[in-house]
Amino acid sequence: FDTQQQVEAFLKTPYHYENQFPMAPGNYRFTMSFSSDSGAFGKLESPLQIAPWDGKSLDLSAPALSNTARRAQDLTDSLDPSLLEGARPLVANNTEVVPAGDSVFHPGGAAIVYFEAYEPLLISAKPDALPQVGVRIRVLDQNGNQKADTGVQVLAHFMHPGNPVIPIVTPVPIAGLAPGKYTLELTALRPGGQPII
């Protein structure tokens with residue numbers, strides 16, 4: 001920073017860090033270390049599982065929770081991810097989400113989820129004959145009781161023929177929930193098919 005005022009302004013807001021790198025399917029342990037000039041040191045560890053996708057069946061990614069959504073600056077939503085260089089933002093229908101640092105949300109605040117459905121039938125689909133795929137989002141309490149349910153939402157407006165990846169951005173139904181711990185359940189399904197949870 002050029003001035004002390006710039007340093008003070010920087011320290012008034014949380015620091016947001018994003019990084020992406022390709023990884024093969026497997027089980028990993030994610031570790032992040034950080035330190036400050038004062039000698040303070042911190043470390044965060046978490047298990048990380050990347051499941052394989054056979055490219056033949058309907059599947060879902062893990063969710064990325066957020067409390068911030070904005071209009072996408074770079075309209076790369078319809079491009080194949082392999083054509084993009086550098087970090088790939090979490091964008092669906094020209095809306096970008098910034099992943100949250102934790103999974104705590106506040107009453108009256110925004111709760112947003114980004115995830116991807118993988119539908120191999122889209123590879124050979126024509127624009128006027130898209131496969132039918134739906135998602136359902138439920139919020140469950142600690143006893144497994146349903147507290148919110150979006151019902152099945154059809155994904156046609158998120159689909160791009162030729163691309164099996166369906167990026168989805170949608171609000172999490174938290175309005176009216178009492179403070180507590182909840183489980184977010186995402187389900188993808190085809191008409192008459194076995195749901196993928």
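Which residue forms a salt bridge with K43, and how far apart are the closest N and O atoms? I looked this up and found that E45 is the partner of K43, with 3.4 Å between the closest N and O atoms. I counted a salt bridge where a side-chain nitrogen of Lys or Arg lies within 4 Å of a carboxyl oxygen of Asp or Glu.

**Entry: ground rules.** I am working on a predicted model, in which local features need pLDDT of at least 70 and side-chain atom pairs count only at pLDDT 80 or more, while totals for chains, interfaces and linings use all residues. Residues are numbered from 1 along each chain as its sequence is written, and side-chain values use heavy atoms, with hydrogens and water left out.

**Entry: the charged pairs.** I found seven salt bridges in the structure. One of them joins R29 and E45, at 3.9 Å from N to O. R29 sits in strand 1 (residues 26–35) and E45 in strand 2, so this pair ties together parts that are 16 residues apart in sequence. Strands (E, at least two residues) are DSSP runs, numbered from the N terminus.

I then checked accessibility, taking buried as under 20% relative accessible area, exposed as over 50% and partly exposed as in between (1.4 Å probe, protein chains only). R29 is exposed at 53%, and K43 is exposed at 52%. E45 has 40% and is therefore partly exposed.

Next I looked up R70, which forms a salt bridge with E96, their closest N and O atoms being 3.5 Å apart. R70 belongs to strand 5 (residues 68–71) and E96 to strand 7 (residues 95–98), so the parts tied together are 26 residues apart in sequence. R70 is partly exposed, at 40%, whereas E96 is buried, at 13%. I also noted that R29, K43 and E45 form one network through salt bridges that share partners.

**Entry: the rings.** I found one aromatic pair in the structure. The ring centres of W53 and Y118 are 5.4 Å apart and the planes stand at 40°, so I logged the pair as tilted. W53 is in the loop between strand 2 (41–50) and strand 3 (59–60), and Y118 is in strand 8 (residues 112–118), so the pair links distant parts of the chain, 65 residues apart. For the cut-offs, rings of Phe, Tyr and Trp (its six-membered ring) pair if their centres lie within 6.5 Å; planes under 30 degrees apart count as stacked, over 60 as edge-to-face and the rest as tilted.

W53 is partly exposed, with 32% relative accessibility. Y118 is buried, with 17%.

Key. Helices (H or I, at least four residues) and strands (E, at least two) are DSSP runs, numbered from the N terminus.
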